[in-house]
There are 2 protein chains.
Amino acid sequence: MVKNKKGNQTLVFANRPRILSAAAVVGTKEGGGPLGSWFDTILEDDTFGEKTWEKSESKMLKTAMMEAMQKAGKNKEDIGAILSGDLLNQLMSSSFMARDLHIPFLGLYGACSTMTESLMLGAVLTDGKYSDNVIIGASSHYCTAERQFRMPLEHGNQRPPSAQWTATAAGAMVLSCGSEKEASLIADEEGNTRQAKEVQVTFGTIGKVIDAGIKDANQMGAAMAPAAVDTLLNHLQDTGRSLRDYDLILTGDLGYIGKDIAKDLLQDAGIPKKEIEDRYDDCGAMIFEKEQDVHGGGSGCGCSASVFAGYLYKRMQQGELNRVLIMSTGALLSTISPFQGESIPGIAHGISLEIGEVHQ
Amino acid sequence: MVKNKKGNQTLVFANRPRILSAAAVVGTKEGGGPLGSWFDTILEDDTFGEKTWEKSESKMLKTAMMEAMQKAGKNKEDIGAILSGDLLNQLMSSSFMARDLHIPFLGLYGACSTMTESLMLGAVLTDGKYSDNVIIGASSHYCTAERQFRMPLEHGNQRPPSAQWTATAAGAMVLSCGSEKEASLIADEEGNTRQAKEVQVTFGTIGKVIDAGIKDANQMGAAMAPAAVDTLLNHLQDTGRSLRDYDLILTGDLGYIGKDIAKDLLQDAGIPKKEIEDRYDDCGAMIFEKEQDVHGGGSGCGCSASVFAGYLYKRMQQGELNRVLIMSTGALLSTISPFQGESIPGIAHGISLEIGEVHQ
């Protein structure tokens, strides 16, 4: 693969910046879901002691950032930049988090694709030696998203079967390309510790905005699936890889309906059904049980952020997964664009994570 | 200066990516202001032929992007990524622009600091050889901003004297670090052409979020001035430069009040008054005449975007300015954060532009 090849959407991170640490903070419903045991902090109460939902979400993101920094053994002086975003208008969660942490801040908006957008730009900053360490992240909260995009909870409206449940969750990671390396240890259930595998960022595929013409804001998975498939196919073409080169491919929050559409589109593109079934899944279809009354599955920036930072990162550290492609997916509609007759554009950014030699 | 020095906020662009082209599209009021003759396109009608203000703004941004690409002689296949943002919820202008252009897209939100945020990350992508060319930009529109942040225009509310006027404007630039170079010619009023000076990006200082505790949303300049001064002082410290090393230092949209506050704060920091008076100005204080009934001056992402892409870039190309520091300034409040008792956090990112040897 030629770096900088014309028309190529994939960036090569030749220095393989590593994810020094990751932290996931989730709400009670997410903590009670099938991935609950993988998350670092589960709230007992989704207000998190704050008077407004927006402040609760911001505090969750800040907590994830601080836990990640603590695990990485980094002070804020060591961090060159925070790159983060959320679903709230004017990035309220991220902006106020960054005010408190007092670290140089770059705000990003990619709707629910924000986690891999921040990973992409964080990898560029560290791989390119512009910063030794950066911290990246994203968050969402069911109660802030419902108020902003749909109805305040107090309204008690009924959700259609295809609607997805915005995850109350935040994820953060410290990326580093410095030379020093602290030993990272993991423990099994019997207390035996061993050195964790090192998770490195190797490729990043920047997504295009794809609009399949869907206008129903309760069909987000269907609106985003074509963007996810477009990014995946471009990633494979740019890198010369096939699905078989990955142990797992995870989209962000297509949910049950969008996941099925993505599988169909991949088959239409000529990828054998078995290859897809063996290694493709979606965070929105993983974070909740169907019995948790979430209808179409999970969604929100925090859905993929917490699944990557909690579940996926730890499984890779334990050596259970060696090469993974993660693609957070975003629906770039605005709160007023549907009223102006617009359909829902989607986007997805892909990041390849690989276990590599531990830098010494 | 040491690259990657701990606590350093300034990135060094050693390969000096150049600004291949720039384009500014502005509304009628901005076109009738003191900088009118510098802008590439002045709308005859701020609807720009669209049925909603949001679509008008998106079309302005798209037009600026396309004009910049055309001037640079680049097709969309040549562009590795669009980095852009605007003030609208969910970046409606940028998202729909990127859908139409079908180029890999990274959405940014830094309120009115977005132009230098996009320049910063665009410079990282090109300087680091991740993309040969990227296109960056930002936009705002008086009518979309009034509706979203204040009142719909139809309401006819009175603006307090300290309120600023959101510029109806978009700016875009093509950044490049490739090896090939097309001759860029400029013509004087008598039709004599000569080679334009090459404008290169040399340093970028990522801003921290600074909150001076101001709660009045009609005092944006006062809320943002401390962030601008903080970024400027950090830039000077990181680079070992003084104000005298620059021909011009331009903040984004502090307006008349904020500009005076910034000057006072710089003097408090020990910088001689004459040094400041000789070379410091603010785009929000430049884009309109006071007689245009704009009260506190101009504001909005498009204010600094159009002044940089129109006025400043051309003056540098003509050799009238050799070294300039630009700092777009953003107020990171949300539409609901003031109702939750929050003050207004500010941010500013600084970019150093310098005339350099023309790459051959």
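The model is predicted: local features need pLDDT of at least 70, side-chain atom pairs count only at pLDDT 80 or more, and totals for chains, interfaces and linings use all residues. Residues are numbered from 1 along each chain as its sequence is written, chains are lettered from A and ligands numbered from 1 in the order in which they are written, and side-chain values use heavy atoms, with hydrogens and water left out.

**Domains of chain A**

- Chain A splits into domain 1 (13-176) and domain 2 (195-356), with bounds that come from an automatic or database domain assignment.
- Their contact (heavy atoms within 4.5 Å) involves 55 residues of domain 1 of chain A and 61 residues of domain 2 of chain A.
- The centres of the two domains, taken over C-alpha atoms, are 17 Å apart.
- Buried area is the accessible area (1.4 Å probe) that two parts lose on being put together, summed over both; for domain 1 and domain 2 of chain A the value is about 4,500 Å², with 64% of it on carbon and sulfur atoms.
- On the domain 1 side, Arg16(A), Trp38(A) and Gln164(A) lose the most area to domain 2 of chain A, together 17% of what that side buries.

**Polar and charged pairs between the domains**

- A salt bridge is a side-chain nitrogen of Lys or Arg within 4 Å of a carboxyl oxygen of Asp or Glu; this rule finds 2 across the interface of domain 1 and domain 2 of chain A.
- Asp40(A) and Lys314(A) form a salt bridge through their side chains, at 3.2 Å from N to O.
- Between domain 1 and domain 2 of chain A, 23 residue pairs (both at pLDDT 80 or more) are in polar contact. The term stands for a pair of N or O atoms within 3.5 Å; within protein, one must be able to donate a hydrogen and the other to accept it, and residues adjacent in sequence count only if both atoms are side-chain atoms.
- Elements giving two or more residues to the domain 1 side include strand 2 (18-26), helix 4 (114-127) and strand 8 (169-176) of chain A; helices (H or I, at least four residues) and strands (E, at least two) are DSSP runs, numbered from the N terminus.
- Strand 2 of chain A gives the most to that side, with 8 residues.

**Interface of chains A and B**

- Contact joins 63 residues of chain B to 62 residues of chain A.
- The two chains bury about 5,400 Å² between them, 60% of it on carbon and sulfur atoms.
- Across this interface there are 6 salt bridges, and 24 residue pairs (both at pLDDT 80 or more) are in polar contact.
- Arg99(A) and Glu342(B) meet through their side chains in a salt bridge of 3.1 Å, N to O.
- Over all chains, the salt bridge count comes to 38.

**Relation of the copies**
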